[in-house]
Amino acid sequence: MKSGKFVTTVGFEKLYNPALQFKDRDAFVEYMNEDQPVRPANIPNVMAINQGRMPLTMDEPRAPCVPVTDVSDLIGAGHIVVDTRSEVAFGSGHIPGSYNVQLASPEFEQRFGWVTPLDAPVILVAESEPDAQRALHALAFLGLDARVKGCVVDGIADWADRDRHLAILPQISVQELDSRLRGGEGMRVLDVRETSEWDAGHIEGAHYLNYKFLPEQIGQLELDPKDPISVVCGGGLRSSTACSILMQHGFEDLHNTTGGMTAWVAAGLPTSAA
């Protein structure tokens, strides 16, 4: 309850502040935790840095260049691969099992922190050495740069040249998606945006799960890994990240929706609001 008061007293708050009316500790804790926003990415490590339990990189962060020939062994030793290239480049061919977290996103370091395992060592894939350095610089703001053990720069072609399998993520236009939905081809839609975006308008019949929660809640999806699924977000970046996670969990027939709901609305296609 808002009182409209600019100045208050302890007596007034004790009488009228809802948070001060509880006699039961558990009820108070439940009340205070209602409608809390998503915890910031990498929060345990951020807290450790703030408390002096983890070092913060003060100089420009560095990580060695890693030949693509070493990546298989590093994956076998527990490293994960984070591909920072665009959703289109990732879709055209990437190291199987990679996460796609695009450096072009203004939330790059946040998205990295939200979807990757907290303490797993990381190999970054980047288009160029300047891109790799930009990624490290951004990650340093959340103390994530220490997890990066190496960078593969412009190495995807070399991976393929050595007869290693490249994974593909098909891209689908909103017009093709609409056609397949209306054609009764069994295409499913997974929307991975924020709840507020979903509530403002979504594709009729779509399933919903915020991409931030996919790693922990993927088992709650009412989707079969063999279903043909188009994943949609606002513009095609978060959906590619979501697809990369789904691929790690055995989903076989995924499509990243080019342009996302922005393109869907611009094309005049129908939406349903919550």
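Arg 188 and Asp 227 are joined by a salt bridge whose closest N and O atoms are 3.0 Å apart, a salt bridge being a side-chain nitrogen of Lys or Arg within 4 Å of a carboxyl oxygen of Asp or Glu. Because Arg 188 belongs to strand E6 (residues 188-191) and Asp 227 to the loop between H11 and strand E8 (228-232), the pair ties together parts that are 39 residues apart in sequence. Asp 227 counts as buried at 18% relative accessibility, whereas Arg 188, at 28%, counts as partly exposed; buried means under 20% relative accessible area, exposed over 50%, and partly exposed in between (1.4 Å probe, protein chains only).

The model is a predicted one, in which local features need pLDDT of at least 70 and side-chain atom pairs count only at pLDDT 80 or more, while totals for chains, interfaces and linings use all residues. Residues are numbered from 1 along each chain as its sequence is written, and side-chain values use heavy atoms, with hydrogens and water left out.

The chain as a whole contains 13 helices and nine strands, which are DSSP runs numbered from the N terminus (helices H or I, at least four residues; strands E, at least two). Its C-alpha trace spans about 75 × 55 × 30 Å along the principal axes, and 44% of its 274 residues count as buried. Among contacts between residues at least 6 apart in sequence, 69% join residues at least 24 apart, where contact means heavy atoms within 4.5 Å.

Helix H6 (residues 108-115) is largely enclosed by the rest of the structure, because seven of its eight residues are buried. Among these buried residues are Phe 108, Phe 112 and Trp 114, together with the charged residues Glu 109 and Arg 111. The buried residues of H6 pack against strands E1 (80-83), E2 (99-100) and E3 (122-126), and also against helices H7 (129-140), H11 (214-217) and H12 (238-248).

Asp 131 is partly exposed with a relative accessible area of 21%, and Arg 134 is partly exposed at 47%.

Another salt bridge, among the 10 that the structure holds, is formed by the side chains of Arg 180 and Glu 185 (3.1 Å, N to O). Arg 180 is also one of the residues in contact with Ile 172, a list that includes Leu 177, Met 187, Ser 230 and His 255 and leaves aside neighbours within four places in sequence. Ile 172 lies in strand E5 (residues 171-172) and is buried, with a relative accessible area of 0%. Glu 185, by contrast, is partly exposed at 47% relative accessibility.

On the surface, Asp 24, Asp 26, Glu 30 and Glu 34 gather in a patch of negative charge, and Phe 22, Phe 28, Val 29, Tyr 31 and Met 32 make a nonpolar patch of about 390 Å². Patches are made of residues with over 30% relative accessible area and no salt bridge, like charges being joined within 9 Å and nonpolar side chains (Val, Leu, Ile, Met, Phe, Trp, Tyr) within 5 Å. Helix H2 (residues 25-32) holds Asp 26, and Phe 28 lies in helix H2 as well. Asp 26 counts as exposed at 55% relative accessibility, while Phe 28, at 33%, counts as partly exposed.

Technical notes: Accessible areas come from the Shrake-Rupley method with a 1.4 Å probe; for residues, only the protein chains shown count as cover. The place of a charge is taken as NZ of Lys, CZ of Arg, CG of Asp or CD of Glu.
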